[in-house]
Amino acid sequence: MAETVEALTPVEPPASRSRSNRRSLGVIAVLVLVVGVLLSQGLLKSLNYFETVDQALGQRASLGTKVIRLEGVVEPGTIERTNAGASFTLAGSGSHHVLVTAQGSPPQLFQADIPVVVVGHFVSATSLDFAGTQIMVKHSSSYIAAHPNRVKAPNGTSR
Amino acid sequence: MMKVTQRLLGPVTLLLLALTFWMGLWVTPPDKVQGNLVRLLYVHPPIAWVALYVSFGTATIASCLYLWRRTRSDAMDRIAHCAMEISVVFIVLTLVTGSIWGRPTWGVWWAWDARLTSTAILGVFALAYLALRRANDDPTVRARRSAVFAILTAINVPIIHFSVVWWKTLHQGASVLTSTGQLNVHGSMLWTMLIGFVGFTLLFFWLLRERYRLEVSRDARVRTRVDEALATRRSEGA
């Protein structure tokens, strides 16, 4: 009987603390690695995702033909569709303008008077012409009904 | 009263979500610029709201309450764990719905801007939290370490929120929680979005309740098995 009681006495658990610590350190190491990769791709390279037209022209000499993301508003009446893509004038907040010639098909929402971000570079060290390789539409946070004054007819159709 | 509220939680959630989808797909007008793409507005911001603020926030608050001696309990640890699991699901949904909207609108599935990158990092944090829980065998150590981790990583939430204000991002600024307090969404579009916010928030609490119950019954089952094993052992020794 005394032997049975001894057998049921709680025993010391196996040393799992150090194993848990090792595993935790492993998780933290993987976390640091993944977050490091994400930060190097995102926040550190492009904390500010683009240069505005005004900023790009302000630092025109230092930019040279470096690849940048250029942001501005597509000036109405300047869009020309070409076989390779589109050309248009990008306006800054002041009187600054840049002529953009972009390759590839623009996004679905690309249109006049809309803010866009164009990836590309100035064609030469002194030129104000910009060669784009990709156009991204920068949508605003305003959502406006397409036809706010449209009324419904009794039969359910819109007029 | 509490029982009635709990009983109604599921049906009311389903009703509000159904209302959001019905209004979003059939009642609201197309957007002036986006056309029908705007319909994703009724699910993406509410899902992001739940992912970032409601679920991660609940996990953080529960973690604080666990670390505070006066309110320390297994229940707080369980709530933090369950909320973080739901947060992972909603963060993934946020990134997926954002991508689906971004492709036709921006022209790209993904952009390495501050808002998107910091949201992805939050997803990694949430996954790391769950991994950290599995890495620790001792329940007390597990609860303490994961609570500290949740609180430390929650610093990313305000960074995500203000990223569109502090830095230049492709992602647009806030539509509802704007810095000026001005709402930038028109009429029925706004109401549909707000119903979506309430519906998805209730969905979170519904999921949390069910997940919590599951966790409690799982713990009870483990305890019963241990008791049964001990009883068997004792009877063998008798």
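1. Let me start with the layout of chain A. Its domain assignment gives domain 1 (12-47) and domain 2 (49-137). The C-alpha centres of domain 1 of chain A and domain 2 of chain A lie 41 Å apart. Please keep in mind throughout that this is a predicted model.

2. Next, a look at one residue of chain A. A:Asp129 sits in strand β7 of chain A, which covers residues 129-137. Is A:Asp129 buried or exposed? A:Asp129 has 12 other C-beta atoms within 10 Å, and because 12 or fewer counts as exposed, this residue is exposed. A:Val100 is 29 residues away from A:Asp129 in sequence, yet their C-alpha atoms are 6.1 Å apart in space. Beyond the neighbours within four places in sequence, A:Asp129 is in contact with A:Leu99, A:Thr101, A:Phe122 and A:Val123.

3. Now to the interface. On the chain B side, 46 residues are in contact with 41 residues of chain A. Helices α3, α4, α5 and α7 (187-237) of chain B each supply at least two residues to the side that touches chain A. Which helix gives the most? That is α4(B), with 9 residues. Sorted by class, the side of chain B that touches chain A has 24 nonpolar, 13 polar and 9 charged residues.

4. The axes of α2(A) and α4(B) are 9 Å apart, and the two helices pack at an angle of about 170 degrees. Angles over 145 degrees count as roughly antiparallel, so α2(A) is roughly antiparallel to α4(B). From α2(A), the contact is made by A:Ser20, A:Arg23, A:Ser24, A:Val27, A:Leu31, A:Val34, A:Val35 and A:Leu38. From α4(B) come B:Thr117, B:Ala120, B:Ile121, B:Val124, B:Ala128, B:Ala131, B:Leu132 and B:Ala135. The residues of this contact divide into 12 nonpolar, 3 polar and 1 charged. As a reminder on spacing, an α-helix has 3.6 residues a turn, so residues three or four places apart point the same way.

Methods: Residues numbered from 1 in each chain as written. Chains lettered and ligands numbered in written order. Predicted model: local features only at pLDDT ≥ 70, side-chain atom pairs only at ≥ 80, totals over all residues. Contact = placed C-beta atoms within 7 Å. Helix = DSSP H or I, 4+ residues; strand = E, 2+ residues; numbered from the N terminus. Nonpolar A, V, L, I, M, F, W, Y, C, P; charged D, E, K, R; others polar. Domains from an automatic or database assignment. Buried ≥ 20, exposed ≤ 12 C-beta atoms within 10 Å, placed from the backbone. Axes fitted to C-alpha atoms, helices over the stretch in contact; angles between N-to-C directions. Parallel < 35°, antiparallel > 145°, perpendicular 65-115°, else oblique.
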